[in-house]
Amino acid sequence: MQQVQVSDEQLHDVERSYRRALDARSIDGLNVIGYGEIGLAIAIPTDAPRAVVKRMAASPDAAMVSDYAARMDAYQRHLAEHVRIIPTDQRSIVDDQGWTVPYMIQPLIDSTDLCENILAEARPDDEHPVLVALRDVVERVGAITEIGLDSQVSNFAWVDDELVCLDVGSPLVFDAHGEPDIEIGPYQRAMPAVLNPVLRRVLIDLTNRMGNTREGLRHAATSLLRLELDDWLAPALTTFNTVLDEPLEEADIRNGFSGIKREMKVVKSFARVQRAWVTRVRRQPYDFFITDSFTKEIL
């Protein structure tokens, strides 16, 4: 895989389309291939896509955007020591209102190489190479103290018989004392300011879990339910439990998945409150898509 070239002009075109879509709360006109919790992965050019652009949080403070990008770059370099990651370019443009808008640019992966699609087409098997490779990657990252890994199955592709990590935009970092090093940066605008301490606690808990082998494998198993790959849960647990002293249980995974769905509804409700405050009271743009990543619905 090689990095693809995307011009600033193309990024400006994407940004204008993105803004129109935000205003309409509709993704019509965007070739969306991935849904985050407050963002989208967009394939470009629309008619013959060859790249994926992921719009990160914009800000009128260029230094804040630059600092957050440097943090992501350092995380990506460290992560690449333990797992193959997709070639990723970080670029920023300045939009029509003078805000700095960062983008991550990656080559478009063939949909048949996405791990979620590979498993969907295969017969459930606890020795499937995707499961074995994912277990080994989570165990490797869990053995170090500096970073964590978002181990959802949807975050990986299988290229040249090797696992490739696609989601490198969430810097899960620990400080010298082994504590989560949390920096919200420009994403603080996504939620009401009064909830920033709550958001930090959530991110601390998430980072702690993503830096731990057992919890990382639990996260991977739970993601199978999110992807409606329920038949793969039992084989995955058989594979994952080979490296755990205390085995993961299917009932626990299913209960955890139900809890995540409830929690995400609460998070999205807070984001919608923030959107209403920013757009209706402060008369400013709210430049995050609020999506239901379970149903792919724009909220």
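Let us start at the surface: aspartate 161 is exposed, with a relative accessible area of 67%. Here exposed means over 50% relative accessible area, buried means under 20%, and partly exposed lies in between (1.4 Å probe, protein chains only). This is a predicted model, where local features need pLDDT of at least 70 and side-chain atom pairs count only at pLDDT 80 or more, while totals for chains, interfaces and linings use all residues. Residues are numbered from 1 along each chain as its sequence is written, and side-chain values use heavy atoms, with hydrogens and water left out.

You can find aspartate 161 in the loop that runs between strand 7 (156-159) and strand 8 (162-165). Its phi is positive, about 60°, although aspartate 161 is not a glycine. Glutamate 228 also has a positive phi, near 60°, in a residue other than glycine. Its place is the loop between helix 6 (213-226) and helix 7 (233-240), and its relative accessibility of 68% makes glutamate 228 count as exposed.

## The chain as a whole

The protein chain has 8 helices and 10 strands. These are DSSP runs numbered from the N terminus, with helices (H or I) of at least four residues and strands (E) of at least two. The C-alpha trace spans about 55 × 45 × 35 Å along its principal axes. The radius of gyration of the protein chain is 19 Å, which agrees with the value near 19 Å that a compact globule of 299 residues would have. That radius is taken over C-alpha atoms, and the globule rule is 2.2 Å times the number of residues to the power 0.38.

Of the 299 residues, 48% are buried.

## Surface and charges

The protein chain exposes about 14600 Å², and carbon and sulfur atoms supply 49% of that area. Accessible areas come from the Shrake-Rupley method with a 1.4 Å probe, and for residues only the protein chains shown count as cover.

There are 32 positive and 48 negative charges, and their mean positions are 8 Å apart. Lys and Arg count as positive and Asp and Glu as negative, leaving out His and the chain ends; each charge is placed at NZ of Lys, CZ of Arg, CG of Asp or CD of Glu.

## The nonpolar cores

A nonpolar core is a set of buried Ala, Val, Leu, Ile, Met, Phe, Trp, Tyr and Cys residues joined through side-chain atoms within 4.5 Å. The largest one has 58 residues, and those with the most contacts inside it are Leu79, Leu119, Leu134, Leu149, Leu163 and Cys165. At least two residues of this core come from each of helix 2 (62-79), helix 3 (115-121), helix 4 (129-142), strand 7, strand 8, helix 6, helix 7 and helix 8 (250-281). Helix 4 gives the largest share, with 7 residues. Apart from this core lies another, of 23 residues, among them Val14, Tyr18, Ile27 and Val101.

Not counting residues up to four places away in sequence, leucine 163 touches Val83, Arg84, Cys115, Ala133, Leu134, Val137, Phe156, Ala157 and Trp158.

Leucine 224 lies in helix 6 and is buried, with a relative accessible area of 0%. Setting aside residues up to four places away in sequence, leucine 224 touches Leu119, Val153, Leu229, Asp230, Trp232, Leu233 and Ala236.

Threonine 213 is found in helix 6 too, and at 17% relative accessibility threonine 213 counts as buried. Beyond its neighbours within four places in sequence, threonine 213 is in contact with Val138, Glu139, Gly142, Ala143 and Leu244.

Valine 52 belongs to strand 3 and is buried, with a relative accessible area of 6%. Leaving aside neighbours within four places in sequence, the contacts of valine 52 include Ile33, Ala41, Met104, Ile105 and Pro107.

Where does proline 45 sit? Proline 45 is found in the loop between strand 2 (40-44) and strand 3 (51-55). A cis peptide bond, with omega about -15°, joins isoleucine 44 to proline 45.

Methods:
Contact means heavy atoms within 4.5 Å.
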